[in-house]
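Please look over the model below before reading my notes. The points are numbered for reference.

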Amino acid sequence: MAIGTLLLLSACASPHMRDASEPVAAVKPAENAATLVLMRPSMFGGAIQSSVYDITSGKSEFIGIVSAGKKLAYGTPAGKRRLMVVGESADFMDADFATDQIYYARIAPRFGMWKARFSLEPVPASSADLESDLKACTWVENTPASHDWARANMQSVDMKKAEYLPDWEKGSDKPFIAQDTGKKAQR
């Protein structure tokens, strides 16, 4: 049964990403930077991949593909950022990262019309669920194939951003990662 479960979970992983050991950025951000750990502990919608982008500059900058049961470390400049997750639709989250801090966000699947939709949920470093969420996921990293996939799909990604961002911006209950919700990096 354990082997069957392992095979099922690995079949849901993106073929464009590769398994990785814990990245240095997950415990020690680069100088004058922060790290965001994106995790997807839920197996719901496991066959659908969630791609994540930093859209702060207005351009969709590919961060990575986060499959069910996976986590990815994103080293980012400190300051205000806007992130986007894409599945059937696009959803967004704002953040204000402080230097030398590690932050966490959960990619939460939800029902869509044809396939899964995803939301980004801030997870404070003080959250009681954080440790179990992190343990439920294994590390992945980008590959040349993931970057090729992102380039090939950028038109679709940008169309979803253009369709969903205006309504999200009008909303009042927007997910936000505040500077004081991270944890100080180990030095």
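The notes go from the whole chain to single residues.

1. This is a predicted model, in which local features need pLDDT of at least 70 and side-chain atom pairs count only at pLDDT 80 or more, while totals for chains, interfaces and linings use all residues. Residues are numbered from 1 along each chain as its sequence is written, and side-chain values use heavy atoms, with hydrogens and water left out.

2. The protein has 3 helices and 12 strands; these are DSSP runs numbered from the N terminus, with H or I over at least four residues for helices and E over at least two for strands. Of its 187 residues, 47% count as buried, that is, under 20% relative accessible area with a 1.4 Å probe, protein chains only. The protein exposes about 9,600 Å², of which carbon and sulfur atoms supply 56% (Shrake-Rupley method, 1.4 Å probe).

3. Among contacts (heavy atoms within 4.5 Å) with a separation of 6 or more, 75% join residues 24 or more positions apart.

4. Five strands form an open sheet in the order 4-3-6-7-11, with mixed pairing; two strands pair if DSSP finds at least two bridges between them. Strand 4 (61-66) and strand 11 (176-177) are the edge strands, each pairing on one side only. Strand 3 (residues 50-54) is antiparallel to strand 4, over 5 bridges, and Val-52 stands opposite Gly-64 in strand 4.

5. Helix 3 (residues 144-170) packs on this sheet, touching strand 3, strand 4, strand 6 (79-86) and strand 7 (90-97). The direction of helix 3 makes about 90° with that of strand 7; axes are lines fitted to C-alpha atoms, for helices over the stretch in contact, and angles run from 0 to 180 degrees between N-to-C directions.

6. Leaving aside neighbours within four places in sequence, Leu-36 is in contact with residues including Leu-72, Phe-97 and Ile-177.

Conventions. Buried means under 20% relative accessible area, exposed over 50%, partly exposed in between (1.4 Å probe, protein chains only).
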